[in-house]
Amino acid sequence: MFPFLVSKNMKVSLSSGYEMPLLAFGTFKIEQNEADQAILSAIQTGYRHIDCASFYLNEEHIGESIANAINSGAVAREELFIATKAWPTQYRDIRSACINSLRRLKLEYLDLYILHWPLAVKSNLEDPPVFTPSADNYKIFDRYPLHLAWKQMEELVKEGLVRSIGVSNWTVGLLNDLLSYATIPPVCNQFETHAYYQRKALIEFCNLNNVIPMGYNVILKPPNNPYYHYNETALEDPAVIQIAEKMQKTPAQVLIKWNLQRRCGCVVKSITPSRIQENWQSQFFDLAEEDMNTINSFTKHGVFLDPSKMFGIALND
Ligand SMILES: NC(=O)c1ccc[n+]([C@@H]2O[C@H](COP(=O)([O-])OP(=O)(O)OC[C@H]3O[C@@H](n4cnc5c(N)ncnc54)[C@H](OP(=O)(O)O)[C@@H]3O)[C@@H](O)[C@H]2O)c1
């Protein structure tokens, strides 16, 4: 399936030499009172890749819960693959951002550090960064070049603070540019993709260049809040429901598997133990070619996390 798939348990070999599980556990919106149960449940289920970000403002709690899981003997640090991200307001001093994330997460190294969005935004020096999505945010753009941000990321690898570095929400053009100057290439690109926003060219470009594509919002039913700007979810698509019924799976399992089977990793979040299990089980069945083709041919198109509403610029175009 993936040219660089190294084992049946869905790990891929990265250009950095490390291995990364393709199904990651997301932590956006996990609250302090939910973190312990969610993290322990995910680890007990089998997740090893945990996806965090300074922007989520919960690294402290997630770090505490990871430490609790390690101390309880549920998992060893070396078995985990922990990722977090620098926010655009942090790009002028990525080393400080990384050290602050490491402190909050209670870690000595990160398995993966990611540039969250392909632009720099003026810093108000808050760390973790508090950022309100707004179409007016173009007014606080910082014309700091991304190649300088990437150079700082490379320094973190050389210093041993992080093992692999990657990007998020990069387009084909930006990735192509990054690959032209990176001395340590990005191991992954994490971006929104789902059955109603398929991004086939981006996934193909990533796979051709050994940059692992990692999809987010694969199963999202967007809540009514300022982050989300499209509210149709493929979880409720009649064709997805029909495939799920035929396979005796759930719509979420079909959508996660569809994404994995088209050679794209997934970051999925749940605080509900039964759903954490359900999502994990998506790895262990195959969709028939005709069912893959049915979903591949969906024509609905909608972006949940529209960057033009977040930053005032259509970064995905
Ligand atoms: N790089 C980026 O810019 C970026 C942007 C967004 C997200 N992310 C990462 O990607 C992760 C996933 O994105 P997301 O959390 O926004 O969306 P998601 O994982 O696609 O969807 C999460 C939502 O789906 C629900 N859910 C989980 N499993 C389900 C199931 N089996 N059936 C029905 N509903 C289910 C969850 O509810 P419960 O929790 O109540 O079970 C939650 O409301 C994030 O947590 C974050 O780590 C990255």
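## Ligand shell

The ligand is surrounded by 28 residues, the closest being Asp51, Ser168, Lys269, Ser270 and Thr272; a residue is near a molecule if one of its heavy atoms lies within 4 Å of it. This is a predicted model, in which local features need pLDDT of at least 70, side-chain atom pairs count only at pLDDT 80 or more, and totals for chains, interfaces and linings use all residues. Residues are numbered from 1 along each chain as its sequence is written, and side-chain values use heavy atoms, with hydrogens and water left out.

By class, the shell has 13 nonpolar, 10 polar and five charged residues. Here Ala, Val, Leu, Ile, Met, Phe, Trp, Tyr, Cys and Pro are nonpolar, Asp, Glu, Lys and Arg are charged, and the others, Gly among them, are polar.

## Contacts and pocket

Polar contacts are pairs of N or O atoms within 3.5 Å. Oxygen atoms of the ligand lie 3.0 Å from a polar side-chain atom of Asn169 and 2.9 Å from a backbone N or O atom of Ile271. A polar side-chain atom of Asn279 lies 2.9 Å from a nitrogen atom of the ligand. Of the 910 Å² of accessible area (Shrake-Rupley, 1.4 Å probe) that the ligand has on its own, the protein covers 88%.

The ligand sits in the largest pocket, meaning that more than half of its atoms lie within 2 Å of the pocket's grid points. A pocket is an open set of points on a 1 Å grid over the protein atoms alone, where a 1.4 Å probe fits, with protein on both sides within 12 Å along at least five of seven lines. Strand E13 (265-268) and helix H9 (273-280) are the elements that give two or more residues to the shell; the largest share, three residues, comes from H9. Helices (H or I, at least four residues) and strands (E, at least two) are DSSP runs numbered from the N terminus.

## Annotated span

An unreviewed UniProt entry places "domain: NADP-dependent oxidoreductase" at residues 25-298. The span is 40% helix and 15% strand, and its end C-alpha atoms lie 26 Å apart.

## Backbone geometry

Asp127 and Pro128 are joined by a cis peptide bond, with omega about 10°. Pro128 lies in the loop between strand E8 (120-121) and strand E9 (141-142).

Terms used. Polar contact = N/O pair within 3.5 Å; in protein donor to acceptor, adjacent residues only side chain to side chain. 1 Å grid on protein atoms, 1.4 Å probe; cavity = no way out; pocket = protein on both sides within 12 Å on 5 of 7 lines; lining within 4 Å. UniProt positions renumbered as here; feature names shortened; annotations may be inferred.
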